[in-house]
Amino acid sequence: MNKILVTLLSLCVLVVSCTNNASDETDATTEVTKTSLKNEIQQIEDSLFASIPQVPKDLYDRAISKNLQYVDHYPTDEYSAECLDRVQGYFTQLQRLKQAVAYTDILLENFPNYKNKKFLMYNRATSLDMLRDTMRARIAYKEYLDTFKDLSDEERIEIEELIELVPYSFEERILMMNP
């Protein structure tokens, strides 16, 4: 009976010990994965910058994919905000403005105090304007004004003028400026 009790006790100690080690290994693997993803993203970024001004489209696609992979794995991590910022920037550079706006919306929804919020909100409004989504562009410009109360008078006037111009095509705007 004592042998069975000692054996069972030993098994319990072994199981608990292995469980604790497995959890430590999982934490280490998670950190390595985060680090390796960040390193891969940095390598792609370096390739992008080295390719300027003739960046191959597939390099943008790889950069987008790798940044989104990080976001998928670590959606609440602060670095995910930077990944989403880069993704919206790549889509903007590729003139895929609908996707740029969509990822800007995701970024601002999940990270409402993101450091580049002012730029992102302005970029979102101008992208919607370029897409000729006049209703959403007006709303985006007004949200920008409402969010940033500390704008200079010059900035505020510029945004108010853009709001007034939203209904007009870009050709009409040019004609209005050069009568």
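Predicted model: local features only at pLDDT ≥ 70, side-chain atom pairs only at ≥ 80, totals over all residues.
**View 1. The packing of helices α2 and α3.** Here we look at α2, which spans residues 57–73, alongside α3, which covers residues 78–93. Their axes lie 9 Å apart and meet at an angle of about 155 degrees. Because that angle is over 145 degrees, α2 runs roughly antiparallel to α3. The crossing of the two helices is left-handed. On the α2 side, the residues that meet α3 are Y60, A63, I64, N67, L68, Y70 and V71. Their partners in α3 are Y79, S80, C83, L84, R86, V87, Y90, F91 and Q93. Sorted by class, this contact has 12 nonpolar, 3 polar and 1 charged residues.

View 2. With a relative accessibility of 2%, I41 is buried. Setting aside neighbours within four places in sequence, I41 touches K66, N67, Y70, Y79, C83 and R86. Take Y70 as an example: 29 residues separate I41 from Y70 in sequence, while their C-alpha atoms are 8.9 Å apart in space.

**View 3. T104 in helix α4.** Our last stop is T104, a residue of the helix formed by residues 97–110. T104 is buried, its relative accessible area being 1%. A polar atom of the T104 side chain lies 2.8 Å from the backbone oxygen of A100. Beyond its neighbours within four places in sequence, T104 is in contact with Q88, L120 and R124.

Key:
Residues numbered from 1 in each chain as written. Heavy atoms only, no water. Helix = DSSP H or I, 4+ residues; strand = E, 2+ residues; numbered from the N terminus. Buried < 20%, exposed > 50% of the residue type's maximum accessible area, 1.4 Å probe, protein only. Polar contact = N/O pair within 3.5 Å; in protein donor to acceptor, adjacent residues only side chain to side chain. Contact = heavy atoms within 4.5 Å. Axes fitted to C-alpha atoms, helices over the stretch in contact; angles between N-to-C directions. Parallel < 35°, antiparallel > 145°, perpendicular 65-115°, else oblique. Left-handed = near helix turned anticlockwise from the far one by under 90°. Nonpolar A, V, L, I, M, F, W, Y, C, P; charged D, E, K, R; others polar.
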